[in-house]
Amino acid sequence: MKKSIWIFGLLSGLVITGFMVFSSVMCHSHPERQDIGMVLGYTGMLLAFSFVFVGIKNYRDRFNGGVITFGEAFKIGGLMALVASTMYVIVWLFEFYLFMPDFMETYMKHVITQAQRDGASQAEINKQIAEMAWYRDAYKTPFGVIALTYMEVIPVALVMTLISALILKRKPKAPAAVMA
């Protein structure tokens with residue numbers, strides 16, 4: 001079980017971090033493309049966490065005799081997702097602190113400019129400014145960066161794990177009744 005968790009967790013992590021690095025490099029060099037970067041990021045998450053599905057199925061079929069309970073599938077998938085999510089957080093920490101320490105300021109400007117462009121009222125813009133200021137303040141500590149980055153990826157991971165566990169659960173077949 002541990003081998004499956006690590007293999008599929010790392011594969012998922014490679015996909016998700018690859019998408020993240022690509023989209024953040026694109027957005028850093030072209031700040032006006034933040035929305036495209038977000039779409040790419042979440043697309044990468046969906047593709048990456050499809051490895052959770054494949055990993056649970058692989059474990060069920062190859063190592064567990066074609067049988068797995070919902071709880072066991074959710075546990076295995078959750079651990080795979082945790083490996084991938086942790087890779088995502090670690091890579092983002094390096095990327096943020098070494099290459100994009102101005103990320104939050106750039107992102108704040110983008111969000112506020114987009115709200116103005118979309119015709120938001122001044123009250124809505126002020127609310128957006130206050131919310132973005134909270135995120136900027138949270139990003140001032142490594143703990144804040146880690147917590148917010150996990151909050152970005154874990155919901156998608158849990159939904160994909162839940163769906164995978166529901167689809168892949170399989171009870172053992174009952175033995176055939178013996179007729180006398």
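Let us begin with Phe99, which is found in helix 3, residues 70–99; helices here are DSSP runs of H or I with at least four residues, numbered from the N terminus. This is a predicted model, in which local features need pLDDT of at least 70 and side-chain atom pairs count only at pLDDT 80 or more, while totals for chains, interfaces and linings use all residues. Residues are numbered from 1 along each chain as its sequence is written, and side-chain values use heavy atoms, with hydrogens and water left out.

Is Phe99 buried or exposed? Phe99 is exposed, at a relative accessible area of 59%; buried means under 20%, exposed over 50%, and partly exposed in between, with a 1.4 Å probe and protein chains only.

Ser85 also lies in helix 3, yet Ser85 is buried, at 0% relative accessibility. Beyond its neighbours within four places in sequence, Ser85 is in contact (heavy atoms within 4.5 Å) with Phe49, Tyr150, Val153, Ile154 and Ala157.

I turn now to charged pairs. Five salt bridges are found in the whole structure, each defined as a side-chain nitrogen of Lys or Arg within 4 Å of a carboxyl oxygen of Asp or Glu. One of them joins Lys57 to Asp61, with the closest N and O atoms 2.6 Å apart. Both residues lie in helix 2, residues 34–63, four residues apart, or about one turn of the helix. Lys57 is partly exposed at 35% relative accessibility, and Asp61 is partly exposed at 32%.

Definitions and conventions: Helix = DSSP H or I, 4+ residues; strand = E, 2+ residues; numbered from the N terminus.
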